[in-house]
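Welcome! Please take a moment to look over the sequence and the model, and then we can walk through them together.

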Amino acid sequence: MDSTGMLMKLRQEKVVAVIRGKNEEEVLKTVDAVLAGGVNFLEITFTIPNAQNIIAKLAEKYREEEEVVIGAGTCLDIVTARMAISAGAQFVVCPHFDKEIMKLCNSYRILVFPGATTVTDMLECLKYGAPVIKLFPGDTFGPSAIKAFKGPLPQADFMPTGGVSVENIHQWLDNGAIAVGAGSVLTKGAQTGDFEQVTEVAKKFVEAVKNYGEKTA
């Protein structure tokens, strides 16, 4: 799937699972649980030990399954971003704006979602071709912030992460988010080995998106 197709899929599915964990076993089980719940965008963060190895395993496992999209998160520098791309990440997420990461990803035609919290940084993201800007931490701002930021930057697309839940996802989407990143609220069951809970929460996110689509159709 090319970058255009991935962006279309992101706009349709609207949920990215932000996956963290203490080791590879926990992360892989979390991935299975999230996928079982119907969330197909997976952001494997570089806070996980040897995250690049996990990304490589997942990229190979799902190489023939276009519905599953494997990305890398918490890429803090160009070295990490390059490791992610080499491992097979289909998109890269940063908590900040870094022009060198932007240029690297653009060179390899890899989707990159940089983080920003000010109009100045958001404008820099747009100058370097960011298709989506990560608003992080979302709970610092609240859903209405996206509408406010889109005042001076109507051309910008936003994906909030942090502070997103099944209960408020409609508020984020109503205010202009094209997608949301769901982290601990989605995967917290994994911390106690309750992967069934992860699947159930994933299903609730998918259902919330479906209901939103029906409401706005």
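**A walk through the sheet and its helices**

Let us begin with two neighbouring strands: strand E2 (residues 41–45) and strand E3 (residues 69–73) run parallel and are joined by 5 bridges. Helices (H or I, at least four residues) and strands (E, at least two) are DSSP runs, numbered from the N terminus, and two strands pair if DSSP finds at least two bridges between them. Two of the partners can be found by name: Glu43 has Gly71 in E3 as its bridge partner, and Thr45 has Gly73 in E3.

A word on what you are viewing: this is a predicted model, in which local features need pLDDT of at least 70 and side-chain atom pairs count only at pLDDT 80 or more, while totals for chains, interfaces and linings use all residues. Residues are numbered from 1 along each chain as its sequence is written, and side-chain values use heavy atoms, with hydrogens and water left out.

Now step back to the whole sheet. Its 6 strands form an open sheet in the order E5-E4-E3-E2-E1-E8, with parallel pairing. Strand E5 (111–113) and strand E8 (180–182) are the edge strands, each pairing on one side only. On average, neighbouring strands of this sheet are turned by 25° against each other, direction ignored. Helix H3 packs on the sheet, where H3 touches E2 and E3, and its direction makes about 170° with that of E3. Here contact means heavy atoms within 4.5 Å; axes are lines fitted to C-alpha atoms, for helices over the stretch in contact, and angles run from 0 to 180 degrees between N-to-C directions.

How enclosed is E3 itself? Buried means under 20% relative accessible area, exposed over 50%, and partly exposed in between (1.4 Å probe, protein chains only). Val69, Gly71 and Gly73 point one way from E3, while Ile70 and Ala72 point the other way.

E1 runs parallel to E8, with 3 bridges joining them, and Val15 stands opposite Val180 in E8. E1 also runs parallel to E2, with 4 bridges between them; there Val16 stands opposite Phe41.

Thr30 lies in helix H2 (residues 24–36), and counts as buried because its relative accessibility is 0%. Leaving aside neighbours within four places in sequence, Thr30 is in contact with Ile19, Thr187, Ala190, Phe195 and Val198.

Finally, return to H3 and meet its partner. The axes of helix H3 (residues 51–61) and helix H4 (residues 78–87) come within 8 Å and cross at roughly 25°. That makes H3 roughly parallel to H4, a label for angles under 35 degrees. Gln52, Ile55, Ala56 and Ala59 in H3 meet Met83, Ala84 and Ala87 in H4.

Conventions: Parallel < 35°, antiparallel > 145°, perpendicular 65-115°, else oblique.
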